[in-house]
Amino acid sequence: SIGMAVCYTIFVLEMLLRIAIDGKAFVDNSWNRLDAFIVGIGAVEYVLAWLETSIQGLGVIRVMRLCRLLRLMRVMRLFSVLKELRRLLEMMGGCFKTLFWSFLLLCLVMTIWATIAVEVL
């Protein structure tokens, strides 16, 4: 709850700074409109919590919480600009697949040898 409040405060401050810097051009960018929508939904959620209204019955607000994940789309936009970073992440993804299968094989071998050791000793 405290972590959510800190993150929400940072989002609000970031949006206010962008509004101060961009001025009227703020609403021209679709990413900024998405951020404003998400911050607005967060404000509604905090107002309802302050009024001690149960938001469990309001399914719409619960769905709007998921809209916070759309902020991650902004990060993905940066990956398209930074080709080297995108390439590095793709290589790490390929590496993780190999590491996963190596880990699985290692666990299998250790399980087999542990079973043999228990039976022999």
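Is D35 buried or exposed, and what is its relative accessibility? D35 has 0% relative accessibility and therefore counts as buried, where buried means under 20% relative accessible area, exposed means over 50%, and partly exposed lies in between (1.4 Å probe, protein chains only). The structure is a predicted model, in which local features need pLDDT of at least 70 and side-chain atom pairs count only at pLDDT 80 or more, while totals for chains, interfaces and linings use all residues. Residues are numbered from 1 along each chain as its sequence is written, and side-chain values use heavy atoms, with hydrogens and water left out.

The secondary structure of the chain consists of five helices and zero strands. Helices (H or I, at least four residues) and strands (E, at least two) are DSSP runs, numbered from the N terminus. Along the sequence, the pattern is α-α-α-α-α. The chain has 121 residues, of which 14% count as buried.

Helix 1 covers residues 2-22 and helix 2 covers residues 30-50; their axes come within 10 Å and cross at roughly 140°. This angle makes helix 1 oblique to helix 2. Axes are lines fitted to C-alpha atoms, for helices over the stretch in contact, and angles run from 0 to 180 degrees between N-to-C directions. Angles under 35 degrees count as roughly parallel, over 145 as roughly antiparallel, 65 to 115 as roughly perpendicular, and the rest as oblique. The crossing of helix 1 past helix 2 is left-handed, a term for a near helix turned anticlockwise from the far one by less than a right angle, whereas clockwise is right-handed.

Two pairs of residues give C-alpha distances for this part of the chain. L16, in helix 1, is partly exposed because its relative accessible area is 46%. The C-alpha atoms of L16 and A36 are 9.6 Å apart in space, and the two residues are 20 apart in sequence. N32 belongs to helix 2 and is buried, with a relative accessible area of 3%. From C-alpha to C-alpha, N32 and I19 are 9.0 Å apart, with a separation of 13 residues in sequence.

Side chains of opposite charge can pair when their charged atoms come close. A salt bridge is a side-chain nitrogen of Lys or Arg within 4 Å of a carboxyl oxygen of Asp or Glu, and by this rule the count is two. E14 and R18 are separated by about one helical turn, because they are four residues apart in helix 1. E14 is partly exposed at 29% relative accessibility, while R18 is buried at 14%. R18 also forms a salt bridge with D35, with the closest N and O atoms 2.7 Å apart. R18 lies in helix 1 and D35 in helix 2, so this pair ties together parts that are 17 residues apart in sequence.

On the surface, a nonpolar patch is formed by L82, L85, L88, L89, M91, M92, F96 and L99, with about 720 Å² of accessible area together. Patches are made of residues with over 30% relative accessible area and no salt bridge; like charges are joined within 9 Å and nonpolar side chains (Val, Leu, Ile, Met, Phe, Trp, Tyr) within 5 Å. Accessible areas come from the Shrake-Rupley method with a 1.4 Å probe, and for residues only the protein chains shown count as cover. M92 lies in helix 5, residues 83-120, and counts as partly exposed because its relative accessibility is 35%.
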